[in-house]
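Dear colleague,

Please find below the structure for your review.

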Amino acid sequence: MIPRFSPLLRTSTFPTTMARVIPRAAAVSLGHTPNAVALVRFPSAHLGFVANANRFGGFVSRSLKPSISDGQGLSPLRGRVWASQREYRKVRRRAAKRKEKELELNVSICIEEDLPDDSEVLSIAEMLRLNVPMAMKLAFDGLKDSAYKTRDTAINDVGGFESVELSVLLCNDEFIRKLNKEWRDEDHATDVLSMSEHVPELKLPILMLGDIIISVETAARQAEERGHTLLDEIRILMVHGLLHLLGFDHELSEEAEAEMEKEEELLLKSLGWKGKGLIQSAYDAENSAYSHKENTDDRKKEGSLRFYKPKFNYIFCDMDGTLLNSKSQVTPANARALKEAMSRGVKVVIATGKARPAVIESLKMVDLAGKDGIVSEFSPGVFLQGLIVYGRQGREIFRRNLDPDVCRELYLYSWENKVPLVAFTKDRCLTLFDHPLVDSLHTIYHESKAEVIPSVESLLAAAEIQKVIFIDNAEGVSTTLRPYWSEALRDRATVVQAVPDMLEIVPHGTSKGGGVKMLLDHLGITAKEIMAIGDGENDIEMLELAMLGIALSNGSEKTKAVANAIGVSNDEDGVADAIYRYAF
């Protein structure tokens, strides 16, 4: 038997492979009588079904319920005839057995295909295959003596049916949002939807209850807010959805809400499940001083992103002062956040003033470099302030060099004033003389070790140069180097500052933001698809370009002025905070 979805699901516009199979069907026998024993087995018929059900997945949990006999299991006698009166020999005769009527519970538990392959979700689905029949039996038993005034009594006694069918689908926010829009004209995600399939007028031997659709993403958020596990929240939502299918509707009136709330609490307590009913939980959340008004501003917990839909396809991230802390290290928290975002399909692209080898070296320490990382020789990226851009398969798509005349002036200034200078030529670093500050570029910032070429002319002839860096203390850069070169170069080159103790000279008319724009065009990405994180003045164009630009609090005032949001500092895991707060 192929698992059934209600017509609401079948006629929706989603592909027919929207759900996948949860393996290992179980049959649970639960009797109506108080001393019934639950037995779990794996019938071959169900195993065959699982092997063949490749369109709408689900395992079947069948509950076989013997009907209540008339007390003794004997057929009623006509008249009062006693054996002794007819002189028949008294023979103890075995009473004829009445074949007990069985009520099957056919429960399909399905997972929508866009949910990630997550061990917790699979474990919850396994629990539901046992939990759902238990909840159904208890809810059915409560219908017989129900005194509720507002419940629709179209379903009252399930004893008249041969079987009952119910589907439970675990999905993401996007799936349930589309259903909510299509069938309720409400264009937002919700936690649970119930879709009834019961038509009393048809007098069918099968009670087709319908479908309960639960968003795992919303359930995860609510579980976090309400202080219990995801399984607890999904059980609460399942009970709520089941009661809707059995005729309860809290939206009718205050009395109807009170009655449904009471039945929710009764079922949860009887089943021994944690948490309040959904109605009471919703009221508590509204009245709580800690109620979150806008999820878009909430910081998600580490490890929870698997239940959230990414808002952006790409994160463009700066290195120095952003992903790297003040010790020029990627913190474990930042590394975990990036890996978690990548596991949800978000692509991370580095846009930095560093050379590519330095980035690879920095990220290798936290297992983020290489084929499965965020940077390698085969990944796209923007380097050297946008002067070298790598596209698909890591192929160079753009390079811009400094004017040789500008280079000559820079080299002469360095040589005459003994101010350390490093010239970048793709993956190499060149300098005129040894200096501790030059060494720090390699030992602290992971750039290639500078090669000493001890003459201006030899350095000019050595290679084409993309950018030059002067290194000094922060005061020397701000009071001497920057004012001097801003005036001297004018429109022949551009002065850029990413960190306080370095001044960068790059070709005029180029920028990191320009490199990012070029890469977006190359990859066919729109600005609406990206979130960007930076701190320095060289990040301003990139932050302005992105749909969401985040400047870390340690950044320059000019950068923070153009950002959409200000994050915590690079020494407070600013990248991780931005990902958990804004990216999902």
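In this predicted model, helix 3 meets helix 6 through a set of residues from each side. Helix 3 contributes Glu120, Ile124, Met127, Leu128, Asn131, Val132, Ala135, Met136 and Ala139. From helix 6, the partners are Leu230, Leu231, Ile234, Arg235, Met238 and Leu242. Sorted by class, the residues of this contact are 12 nonpolar, one polar and two charged.

Two packed helices are described by the angle between their axes and the distance between the axes. For helix 3 (residues 119-144) and helix 6, the angle is about 35° and the axes lie 10 Å apart. Their crossing is right-handed.

Helix 6 has a further partner in helix 7. The axes of helix 6 (residues 230-245) and helix 7 (residues 254-271) come within 10 Å and cross at roughly 130°. Helix 6 is therefore oblique to helix 7. This crossing, too, is right-handed, as is that of helix 3 and helix 6. On the helix 6 side, the contact involves Ile236, Val239, His240, Leu243 and His244. These residues meet Met260, Glu263, Glu264, Leu267 and Leu268 in helix 7. The contact of helix 6 with helix 7 comprises six nonpolar, two polar and two charged residues.

Turning to the strands, there is an open sheet of three strands in the order 12-13-14, paired antiparallel. Strand 12 (381-383) and strand 14 (396-399) form the edges, each pairing on one side only. On average, neighbouring strands of this sheet are turned by 15° against each other, direction ignored. Strand 13 (residues 388-390) and strand 14 run antiparallel and are joined by three bridges. Within this part of the sheet, Tyr390 stands opposite Glu396 in strand 14. Helix 16 (residues 512-523) packs on the sheet and touches strand 12, strand 13 and strand 14. The direction of helix 16 makes about 155° with that of strand 12.

Finally, the structure holds seven aromatic pairs. One of them joins Tyr413 and Phe470 in an edge-to-face arrangement, with 5.7 Å from centre to centre and 80° between the planes. Tyr413 belongs to helix 12 (residues 404-417) and Phe470 to strand 18 (residues 467-471), so this pair ties together parts that are 57 residues apart in sequence.

With kind regards

Key. Residues are numbered from 1 along each chain as its sequence is written. This is a predicted model: local features need pLDDT of at least 70, side-chain atom pairs count only at pLDDT 80 or more; totals for chains, interfaces and linings use all residues. Side-chain values use heavy atoms; hydrogens and water are left out. Axes are lines fitted to C-alpha atoms, for helices over the stretch in contact, and angles run from 0 to 180 degrees between N-to-C directions. Helices (H or I, at least four residues) and strands (E, at least two) are DSSP runs, numbered from the N terminus. Angles under 35 degrees count as roughly parallel, over 145 as roughly antiparallel, 65 to 115 as roughly perpendicular and the rest as oblique. A crossing is left-handed if the near helix is turned anticlockwise from the far one by less than a right angle, and right-handed if clockwise. Contact means heavy atoms within 4.5 Å. Ala, Val, Leu, Ile, Met, Phe, Trp, Tyr, Cys and Pro count as nonpolar, Asp, Glu, Lys and Arg as charged, and the others, Gly among them, as polar. Two strands pair if DSSP finds at least two bridges between them. Rings of Phe, Tyr and Trp (its six-membered ring) pair if their centres lie within 6.5 Å; planes under 30 degrees apart count as stacked, over 60 as edge-to-face and the rest as tilted.
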